[in-house]
Protein chains: 2
Amino acid sequence: MTDRWGRAGVVRMRVDLIAAQSIDGFITKHEQAGTGFTSEADRAHFASLLDGYDCSVMGATTFEASRTFICERLTRRRLRVVLTRRADAFADLTVDGELEFSGSDPRDLVNKLSRRGYRRCALLGGSQVHALFLGSDLVDRLVLTVEGRIFGEGRPLAPGRWDLRFTLERASALGPETALLEFRRRGA
Amino acid sequence: MTDRWGRAGVVRMRVDLIAAQSIDGFITKHEQAGTGFTSEADRAHFASLLDGYDCSVMGATTFEASRTFICERLTRRRLRVVLTRRADAFADLTVDGELEFSGSDPRDLVNKLSRRGYRRCALLGGSQVHALFLGSDLVDRLVLTVEGRIFGEGRPLAPGRWDLRFTLERASALGPETALLEFRRRGA
């Protein structure tokens with residue numbers, strides 16, 4: 001059995017983009033970094049959801065916004081990979097199998113992690129990382145919290161010029177102001 | 001009984017913003033005007049939904065995009081109002097009670113229509129009209145079709161800098177690629 005790149009014996013891990021956004025598609029409120037705008041319902045959902053993943057990938061800005069929180073909670077149950085052009089600058093924070101820094105392109109990173117046996121990857125932002133993975137057709141599912149807010153300005157879900165198509169897997173209420181939408185990549 | 005502006009005897013009509021958007025909050029695909037990107041499921045939903053409204057309001061660009069379609073289907077069952085700074089230029093298209101052109105500000109327009117007895121208004125876009133009505137706190141509900149697509153570029157749902165909050169009324173599947181989200185203005 002070969003994988004989609006024609007290599008035998010390696011199963012490509014599944015990549016789920018997990019994000020919270022306003023109704024109008026912004027993952028930050030205006031220029032405020034982080035997800036401080038999210039509801040209690042989303043925070044509980046997000047924490048429980050992450051338990052289902054054996055690795056996660058995020059950009060350096062996303063990492064920096066939660067650095068202390070992350071570094072205090074390292075675990076072998078879920079490898080965190082920070083995608084950054086300055087991987088060397090973070091060398092002293094590295095804990096193999098728990099917190100790693102990589103300058104790989106997304107496809108190489110997914111291949112490497114798959115070969116190491118990781119099976120389910122949570123893609124945790126931000127915008128640029130979403131765009132990198134979507135642009136390389138590496139996102140299998142979108143798990144989107146939609147908060148009942150309109151911001152008009154902020155970081156977009158995925159900057160670029162796309163026409164990407166997804167199948168709806170689930171639309172449900174997560175809380176009094178909050179919807180949960182799950183989409184699967186078409187053909188996935 | 002007085003209404004929220006303190007006038008007696010007039011019930012302000014309800015205004016529902018009805019739009020279709022991509023997952024990432026764009027109501028057009030890139031610079032392509034209109035809603036050609038919407039699914040069959042949305043088109044059926046939209047046509048049936050409109051039956052519940054006795055008037056609708058749209059901007060001049062939205063009107064121009066469907067002008068022939070609209071002018072062939074005029075009916076007293078639903079007044080169409082086109083909001084435009086050039087109302088005079090459309091004088092010969094006017095059919096009182098069926099198709100009217102107005103340069104009123106949104107609040108005055110809603111008051112005038114309410115006094116004429118209209119009760120349920122569908123706000124049909126585009127972006128600028130959404131922003132005008134949201135900015136005047138005149139939108140009671142959002143009825144949003146979310147198509148399973150990511151565009152990255154296009155007309156935003158509501159250009160501006162906002163922090164508007166809504167309560168979720170409904171999240172459901174409308175079709176294989178399409179979700180329906182309904183929100184109510186907080187406090188409405």
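How many salt bridges does the rule find across the interface of chain B and chain A? I looked, and there are twelve, taking a salt bridge as a side-chain nitrogen of Lys or Arg within 4 Å of a carboxyl oxygen of Asp or Glu.

I noted first that this is a predicted model, where local features need pLDDT of at least 70 and side-chain atom pairs count only at pLDDT 80 or more, while totals for chains, interfaces and linings use all residues. Residues are numbered from 1 along each chain as its sequence is written, chains are lettered from A in the order in which they are written, and side-chain values use heavy atoms, with hydrogens and water left out.

**Interface**

I picked out one of the salt bridges: E177(A) meets R186(B) at 2.5 Å, N to O. Next I checked the contact (heavy atoms within 4.5 Å), and it takes 39 residues from chain B and 39 residues from chain A. I then looked up the buried area, the accessible area (1.4 Å probe) lost on being put together, summed over both parts. It is about 3,200 Å², with 53% from carbon and sulfur atoms. On chain B's side, I23(B), I150(B) and R161(B) supply 21% of the area buried against chain A, more than any other three residues.

**Cavity**

Residue I23(B) turned up again in the lining of the largest cavity, alongside others including I23(A), Q21(A) and Q21(B). Lining residues have an atom within 4 Å of a point on a 1 Å grid over the protein atoms alone, the cavity being a set of points where a 1.4 Å probe fits but cannot get out. I put its space at about 60 Å³, the volume being the space filled by probe spheres set on the points.

Notes: On a 1 Å grid over the protein atoms alone, a cavity is a set of points where a 1.4 Å probe fits but cannot get out, and a pocket is an open set with protein on both sides within 12 Å along at least five of seven lines; lining residues have an atom within 4 Å of a point. Buried area is the accessible area (1.4 Å probe) that two parts lose on being put together, summed over both.
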